[in-house]
Amino acid sequence: MSTPTGLNLWIEGARLRTLPAAVAPVAVGTGAAAFDDGAIWWKALLALGVSLALQIGVNYANDYSDGIKGTDENRVGPLRLVGSGLVAPAKVKAAALGFLALGGALGLVLAATSGWWLIAVGVLAILAAWGYTGGKNPYGYRALGEVSVFLFFGIVAVLGTTYVQLGSVNAVSVAGALGVGALACAILVANNLRDIPTDTETGKRTLAVVMGDARTRLFYVALMLLAFVVVVAWVVTETPWALLALVGLPPALRATAVVRGGGSGPALIPVLKDTGIAELLYAIGLTVALVIGPWW
């Protein structure tokens, strides 16, 4: 394959495959608000803008920080802008800060119309986005990346989306936050499982490096079970339409088979794609279920 240039290079750096992790929590949070007849669609669109901007921002931030640290020099996965030497670090840093600022600006509008205390949540989210691999003591190098993803792309994103529309959270939003958080976390687990050899060499202590190959694979399977068994069973008690979330099961099973089968290196790249697709389909199914559940 030829190396992308121009706009295509920046699109590659934005890591579009990760964007389901930004769309899914907003969809489910909005569905949970609709379940109690409280959906406000313009706020849902604002929340989606915040989530997408922060996701792209953190992708560029990680590209910049890992690139200047030399972590990406011998990686297996897709192209990185700084690590490949194709884009100057300062430009990638500027792109990261620009998208994080955009997410912050959109978040201010939501805070102004929903509760000023949300500004504190937004500040924490932006700091977490930059601090994952940035700064002198990045927490992503201290086995805390999965915790952050579960919290911010699961709990905070889903419950925050529900709150700004409904003015409160409900049981289905809590369940949905656990399921979406588990699948978002699984994407990172698959990524870090693939990178265990190179991360070990460069001193990047991800959770996968700390746990080791075998236990990381079990952790991935456990996250899938949490989302597709525990959460779906929970929401079924509210509406049987929750079974629509199982539309995401085929790609989830395909990805899980590779992980359980011992796939490594390039063989794990499709797992990232399938896990992202599984999360998106899961979120769509669960959202539809929550929207139509009270009426059927």
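In which helix does leucine 108 lie? In this predicted model, leucine 108 belongs to helix H4, which spans residues 89-114. With a relative accessibility of 43%, leucine 108 counts as partly exposed, because that class falls between under 20% for buried and over 50% for exposed. Leucine 108 is also a member of a nonpolar surface patch, together with Trp116, Ile119, Val123, Leu124 and Leu127. The accessible area of these residues together is about 590 Å². Helix H5 (residues 118-131) supplies the largest share of the patch, namely four residues.

The unreviewed UniProt entry annotates "transmembrane region" at residues 40-61, 117-135, 147-166, 172-193, 214-235 and 275-295. Of the chain over residues 40-61, 95% is helix and 0% is strand, and the C-alpha atoms at its ends are 31 Å apart.

Two individual residues round out the description. Asparagine 170 sits in the loop between helix H6 (145-166) and helix H7 (171-194). Its relative accessibility is 11%, so asparagine 170 counts as buried. Leaving aside residues up to four places away in sequence, asparagine 170 touches Ala32, Asp36 and Thr162.

Arginine 260, in turn, is found in helix H11 (residues 249-260). Arginine 260 counts as exposed because its relative accessibility is 65%. Between arginine 260 and tyrosine 220 the C-alpha to C-alpha distance is 9.0 Å, while the two residues are 40 residues apart in sequence.

Key: Residues numbered from 1 in each chain as written. Predicted model: local features only at pLDDT ≥ 70, side-chain atom pairs only at ≥ 80, totals over all residues. Heavy atoms only, no water. Helix = DSSP H or I, 4+ residues; strand = E, 2+ residues; numbered from the N terminus. Buried < 20%, exposed > 50% of the residue type's maximum accessible area, 1.4 Å probe, protein only. Contact = heavy atoms within 4.5 Å. UniProt positions renumbered as here; feature names shortened; annotations may be inferred. Patch = residues over 30% accessible without salt bridge, like charges linked within 9 Å, V, L, I, M, F, W, Y side chains within 5 Å. Areas by Shrake-Rupley, 256 points an atom, 1.4 Å probe, with all protein chains shown as cover. Salt bridge = Lys/Arg side-chain N within 4 Å of Asp/Glu carboxyl O.
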